[in-house]
Amino acid sequence: MHSGFVSIIGKPNVGKSTLLNRLVGMKLAGVSKKPQTTCIVIRGILSESRGQIVFLDTPGFHEPKDAIGRFMMRQATQTFLDADLFYVLADPVPPDEGMGALLDRIEAEQLEDKMRKPVFCLINKIDTISKPELLPVLDQYQKRFSFDEMIPISAQRGDQVDLLVDQTYARLPEHEPYFPPDITSDQAERVLVVEFIREKIFRFTGEEIPYAAAVQIEAFEEEDKLIRVHAVIFTEKDSQKAILIGAAGQKLKQIGTAARKDLEQFLGKHVFLKLWVKTLKNWKKDERYLKRLGFK
Ligand SMILES: Nc1nc2c(ncn2[C@@H]2O[C@H](COP(=O)(O)OP(=O)(O)OP(=O)(O)O)[C@@H](O)[C@H]2O)c(=O)[nH]1
Ligand SMILES: [Mg+2]
């Protein structure tokens with residue numbers, strides 16, 4: 001059997017989390033139209049008779065501005081050490097400055113690393129462009145960088161994802177599975193519960209609100225037919241707290257209802273979800289607060 005760890009990297013918003021969910025056939029990672037939706041590494045496991053692939057969905061690479069930004073970059077780069085293979089996701093446009101910087105860095109790290117690992121370049125969102133538009137893009141990537149594979153895909157529609165999985169197994173080392181075959185993630189349910197609530201905040205609030213919000217689970221109690229979840233959403237300012245709650249609590253209700261539906265599907269039980277909003281000034285800048293919020 002062939003088994004190993006695959007790190008999914010790329011700039012914010014290229015579709016890393018969408019691809020992870022597609023690969024494991026289940027929604028694990030939050031997806032939104034806004035950049036920097038993912039802030040911790042989400043692991044998804046694909047088990048088959050031919051082996052096992054553990055996908056690591058990482059926060060997008062960007063210039064960190066504060067402590068939480070630095071945490072996200074550490075999370076993304078940590079997977080460099082764990083990975084047997086890399087997927088570098090890109091938009092279906094010619095490589096720009098930012099992408100170049102990311103790829104140059106990967107190449108530099110690879111050169112230093114004696115155990116050089118395969119790198120696949122995945123041009124995502126090909127459902128948004130035509131073939132004649134795509135060909136010159138592929139050409140430019142191929143001219144500038146040397147990848148082990150270059151595969152155009154649509155994470156959303158699933159185009160070429162089977163091929164991607166085949167090519168991945170072909171390059172992974174011979175190894176027994178790392179995890180039992182019946183789990184899709186080895187992460188604690190609590191961690192994924194935070195991810196689901198965060199996704200709804202990203203989806204239903206605008207401007208700076210999603211970036212100012214952190215979710216902490218206060219209680220997670222499993223009963224016979226019901227799971228009770230109590231969670232607090234921290235914001236940086238009272239004004240953000242007011243927006244997040246909304247007139248007559250409407251916004252918070254919308255977030256809570258959508259999150260509960262996702263959680264019920266994921267946990268396979270009825271969920272009672274209680275959300276609070278509190279202000280915690282400077283949580284993004286203070287390492288101690290970050291630790292308390294689970295960003296260790
Ligand atoms: N048309 C199209 N849209 C896609 C595709 N894959 C992802 N998207 C959309 O692109 C946006 C970003 O997707 P995410 O999966 O959240 O991107 P990400 O790379 O994980 O983003 P961060 O976590 O913020 O770094 C979402 O609106 C997705 O629905 C695709 O193959 N085609
Ligand atoms: Mg993501």
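## Helices over the three-stranded sheet

Two residues are in contact if their C-beta atoms, placed from the backbone, lie within 7 Å. In this predicted model, helix 9, made of residues 250–267, lies across strand 8 and strand 9. Its direction is at about 140° to strand 9. Helix 8, residues 238–245, also lies across strand 8 and strand 9, and runs at about 150° to strand 9.

The sheet under discussion is open, has three strands in the order 7-8-9, and shows mixed pairing. Strand 7 (214–222) and strand 9 (270–279) are the edge strands, each pairing on one side only. From one strand to the next, the twist averages 15°.

Strand 7 and strand 8 (residues 226–235) run antiparallel and are joined by eight bridges. Across this pairing, Glu 221 stands opposite Arg 228 in strand 8. Strands of a sheet pair through backbone hydrogen bonds, either parallel or antiparallel.

## Strands 5 and 6

A parallel pairing occurs between strand 5 (residues 119–123) and strand 6 (residues 149–152), with four bridges between them. Phe 120 stands opposite Glu 149 in strand 6.

## Helix 1

Helix 1 spans residues 16–24 and is mostly covered, with eight of its nine residues buried. The buried residues are Lys 16, Ser 17, Leu 19, Leu 20, Asn 21, Arg 22, Leu 23 and Val 24. Lys 16 and Arg 22 are thus listed as buried, and both count as charged.

Just after helix 1, Gly 25 takes a positive phi of about 70°.

## Surroundings of ligand 1

Ligand 1 is surrounded by 24 residues. The closest of them are Gly 15, Ser 17, Thr 38, Gly 60 and Gln 156. Ser 17, one of these closest residues, is also among the buried residues of helix 1.

Which helix gives the most to the shell around ligand 1? Helix 1 does, with three residues. By type, the shell holds 14 polar, six nonpolar and four charged residues.

Methods:
Residues are numbered from 1 along each chain as its sequence is written. Chains are lettered from A and ligands numbered from 1 in the order in which they are written. This is a predicted model: local features need pLDDT of at least 70, side-chain atom pairs count only at pLDDT 80 or more; totals for chains, interfaces and linings use all residues. A residue is near a molecule or strand if its C-beta atom, placed from the backbone, lies within 6 Å of it. Helices (H or I, at least four residues) and strands (E, at least two) are DSSP runs, numbered from the N terminus. Two strands pair if DSSP finds at least two bridges between them. Axes are lines fitted to C-alpha atoms, for helices over the stretch in contact, and angles run from 0 to 180 degrees between N-to-C directions. A residue is buried if 20 or more other C-beta atoms lie within 10 Å of its own, exposed if 12 or fewer, and partly exposed in between; C-beta atoms are placed from the backbone.
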